[in-house]
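Me: Hi! I've just opened this one and could use a hand finding my way around. Shall we go through it together?

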Amino acid sequence: NKIIAILSIAAGARILKRLNKTAIGMNIFKNVISAKHGFKGAANKYSKATGLSFLHSVSNSVEVHSPEQEVVIALGSNVGNRLDNFNEALRLMKKSGIQISRHGCLYETEPAYVTDQPLFLNSAIRGVTKLAPHELLRVLKQIEKDIGRTEGIRYGPRPIDLDILFYGNFKIHSETLCVPHERIWERPFVMAPLIDLLGSAIDSDTVGSWHSFSTQKCGLFESWEKLGGEQLIGKDGMRRVLPIGNRLLDWSQKTHVMGILNLTPDSFSDGGKFQSVDAAVSQVQLTISEGVDIIDIGAQSTRPFATRISAEEELDRLIPVLEAIRQIPGVEDKFISVDTFYSKVASEAVSKGAHLINDVSGGQLDSDMLKVVSGLKVPYLAMHMRGNPSTMQSSENLKYDDVCKQVSSELYSRFKEAESSGIPAWSIILDPGIGFSKKSEDNLDLLMGLPNIREEIGLKSLAASHAPILIGPSRKRFLGDICNQTDANRRDPATIAAVTAGVLGGANMVRVHNVRDNLDAVRLCDALQKHRKS
């Protein structure tokens, strides 16, 4: 079949020429759309400023020839192990010449059209390919077949469903392919992960053309708002989830408490207390009884100026305790995290039952870490830190002009590197690194500035801005400085205050030494937030 595409080249050129004549020029085209205040008003401003709504009236037909094109592909699954189906589809797409650059968040959704079937997982990816449109379609259909999809009822159950949403800045209509996909605009389970693949700042001509394809004159953001937007997330029919262990964690339902278990002789608060297996097991049993959600085991101190130990020594401390913890009654309902910046430790820990890797360096202290975690298929907690524990408090690493803005930028770089290494956006947790390469006033700015951090990150990636945020102010020195408490163990009241501020500012997880008292604090915060929403 002859491929006919409606390409907006002429209109785009006319608009850019018009914009270049204005004082604002291309800066308008990259107008920032505030994630904090919603897209609708800003989308109107965006449309009027750029004139992109005119693109809908243009119909220059050309043959599609395919140099490298940016594409968006939607994924859905509700048969078998849905996450395994997604991972296999991603692997086969990469093998087939689709270079994946971005992932949407992961959504569990009620089925549409044919409702008597299991819940779906949905997401989308953004990537680059040299495959022509119909070649790409054939590749995706073969991947569906390889994963086990067969002919069935339309909109019925399927192990995998792969749809081309966008192909470059082309509109394509043939007997077998319609791009943009004709039913995007009525499907929240497609629109949500599609929006995740964008930033709230329009950063390229291709993304601008995708906005022009929307049925709404103000682009994709207005289309998403018309469906209900963020108000749909967390309802019964659509949950944004983090795959961890054999479960899907909806972190919007409550704040999750991570309990700290240090196996080190030199940690700043509890060094030496839990070095024996028996002492460590006893502490974990206590935190389980107190209601901990995640147990975070660290066998290497990351306090300021700590001496680094080898991966082998870290494993010698870690593995006997991890194996013993796995045998504790009730631990099967908890998640186990391992705090390490070594890929070798991460790999061994996951093989012994750990569910999550918590890396204070965000992949900066071991060049193999990101690739290894990608292969492990577990969530990755990336923290912001400059330098390493020995150098992080140097005068150079403590220089900030705007700490929230700079931490956002540097943390997004860690996110982007992890995603480029094959860790999907839906498996990444972010930590602004309170107490790591920060002065006291910087820590206060971060605790009060979590909404600003999300907004800054959202300029580049809305998926990253939706990632769970963890904060770890527990017993940190800045609390002692403010409250005149030199003994770290006497900083729990200040920790509770810091945790409260962070949770009310948007933190989804808190890492603490004192589980019982901080759990009460986050329960109250959750109740306050639910009451405000109602």
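Me: How do strand 3 and strand 7 pair, and over how many bridges?

Reply: This is a predicted model, and in it strand 3 and strand 7 (residues 161-167) pair in the antiparallel sense over six bridges. Across that pairing, L75 stands opposite L162 in strand 7.

Me: And which way does strand 3 pair with strand 6?

Reply: Antiparallel, over nine bridges, with strand 6 covering residues 120-129. One partner to look up there is N122, which bridges to G76.

Me: Is strand 3 mostly covered or mostly uncovered?

Reply: Mostly covered: nine of its nine residues (69-77) are buried. Q69, V71, I73, L75 and S77 point one way, while E70, V72, A74 and G76 point the other way. In a regular strand, side chains alternate between the two faces of the sheet.

Me: OK, new topic. How many residues are in the largest nonpolar core?

Reply: It has 106 residues, and F166, L261, I297, L318, I325 and Y380 have the most contacts inside it. Leaving out residues up to four places away in sequence, L261 touches F274, A280, Q283, V284, D296, I297, G298, V321 and I325. Apart from that core lies another one of 30 residues, among them L75, L136, V139 and I143.

Me: Last one: at what angle do helix 11 and helix 12 cross?

Reply: Roughly 15°, and the axes of helix 11 (residues 343-351) and helix 12 (residues 369-376) come within 9 Å. The two helices are therefore roughly parallel to each other, and the crossing is right-handed.

Me: Which residues meet there?

Reply: S343, A346, S347 and V350 in helix 11 meet M369, V372 and L376 in helix 12.

Key
Residues are numbered from 1 along each chain as its sequence is written. This is a predicted model: local features need pLDDT of at least 70, side-chain atom pairs count only at pLDDT 80 or more; totals for chains, interfaces and linings use all residues. Side-chain values use heavy atoms; hydrogens and water are left out. A nonpolar core is a set of buried Ala, Val, Leu, Ile, Met, Phe, Trp, Tyr and Cys residues joined through side-chain atoms within 4.5 Å. Buried means under 20% relative accessible area, exposed over 50%, partly exposed in between (1.4 Å probe, protein chains only). Contact means heavy atoms within 4.5 Å. Helices (H or I, at least four residues) and strands (E, at least two) are DSSP runs, numbered from the N terminus. Two strands pair if DSSP finds at least two bridges between them. Axes are lines fitted to C-alpha atoms, for helices over the stretch in contact, and angles run from 0 to 180 degrees between N-to-C directions. Angles under 35 degrees count as roughly parallel, over 145 as roughly antiparallel, 65 to 115 as roughly perpendicular and the rest as oblique. A crossing is left-handed if the near helix is turned anticlockwise from the far one by less than a right angle, and right-handed if clockwise.
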